[in-house]
Amino acid sequence: MPEPRDDVVTHLNRVLDLPAFPDYGPMGLQVHGCEVVESVVTAVSASRALFELAASRDAGLVVVHHGLFWDKDSRVIDPMLRERLRLLFDHGINLAAYHLALDGHPTLGNNARIIEALDFRKERAGFAHAGDRPVGWFGSVSDPVPAAEFAARVEQVIGPLNANYANGPAEIRRIAVCSGGGLRYLPEVAASGCDALLTGDMFEPAEMWSRELGVHFLAAGHYATEVFGVQALAELISAELDCSAEFIDLPTNA
């Protein structure tokens with residue numbers, strides 16, 4: 001049975017506590033399409049390829065982590081953005097985006113889901129705040145995990161590592177997880193007593209920071225660390241609303 005678009009978006013906004021996460025652009029519904037939604041697709045990033053697949057599946061709503069509009073971007077509708085919007089308009093597809101709220105959600109978010117998948121316990125405290133809400137989370141275990149075993153777990157759960165700077169202790173008890181780009185938080189997590197920081201992007205200073213702070217640094221890819229939240233949203237929509245939802249995997253090398 002179809003679901004009114006506004007009911008779907010309102011439900012997602014409420015579940016993700018959207019107003020609590022100040023962000024770098026408009027979040028929630030970004031492009032208005034049809035008013036009733038029967039099927040939804042979720043994905044990490046807005047793109048022409050995604051919108052073409054959504055149209056082929058007759059999706060009424062696309063939900064992404066990285067949307068089309070950001071505060072620092074030009075307001076000019078260039079040829080690439082024009083073509084993306086044309087696909088949405090021509091097929092009556094709605095677009096909704098959830099960025100920091102979907103990184104930081106304590107149960108549905110990328111970071112919480114990664115910690116759970118690694119068999120660590122998510123702590124109540126977090127870091128990398130947006131407003132007063134943590135985006136990154138700490139995880140811990142009662143029985144320490146050898147550093148090599150931890151890296152192997154990350155590769156099993158997320159995929160091949162882009163970087164693994166093993167400059168921390170031989171055994172890992174406490175980790176910090178910040179999907180996407182989290183290197184800048186390495187001093188903060190080191191001061192918080194973490195043995196390792198797991199993030200997506202690898203930047204040039206990472207190895208030296210890791211060595212000097214004595215903390216393991218693992219980068220598993222921006223895309224690969226941010227599939228967890230949109231996968232969780234597809235499951236939630238299918239379970240709680242009167243429309244179907246599926247996650248579309250369009251991986252990148254980043």
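1. Let's start with one cysteine. Cys-34 is partly exposed, with a relative accessible area of 27%. Keep in mind as you look around that this is a predicted model.

2. Now turn to Cys-178. This residue is buried, its relative accessible area being 5%. Cys-178 takes part in no disulfide either, since its nearest cysteine sulfur, in Cys-194, sits 12 Å away. A search of the whole structure comes back with zero disulfides.

3. Five strands make up an open sheet with mixed pairing, and their order is 2-6-5-4-13. Strand 2 (28–31) and strand 13 (244–247) are the edge strands, each pairing on one side only. On average, neighbouring strands of this sheet are turned by 30° against each other, direction ignored.

4. Zoom in on one pair. Strand 4 (residues 39–45) and strand 13 run parallel and are joined by four bridges. In general, strands of a sheet pair through backbone hydrogen bonds, in a parallel or an antiparallel way.

5. Finally, look for a helix against these strands. Helix 2 (residues 48–56) lies across strand 4, strand 5 (61–66) and strand 6 (94–97). Helix 2 runs at about 155° to strand 5.

Note on methods. Residues are numbered from 1 along each chain as its sequence is written. This is a predicted model: local features need pLDDT of at least 70, side-chain atom pairs count only at pLDDT 80 or more; totals for chains, interfaces and linings use all residues. Side-chain values use heavy atoms; hydrogens and water are left out. Two strands pair if DSSP finds at least two bridges between them. Helices (H or I, at least four residues) and strands (E, at least two) are DSSP runs, numbered from the N terminus. Axes are lines fitted to C-alpha atoms, for helices over the stretch in contact, and angles run from 0 to 180 degrees between N-to-C directions. Contact means heavy atoms within 4.5 Å. A disulfide is a pair of cysteine sulfur atoms within 2.5 Å. Buried means under 20% relative accessible area, exposed over 50%, partly exposed in between (1.4 Å probe, protein chains only).
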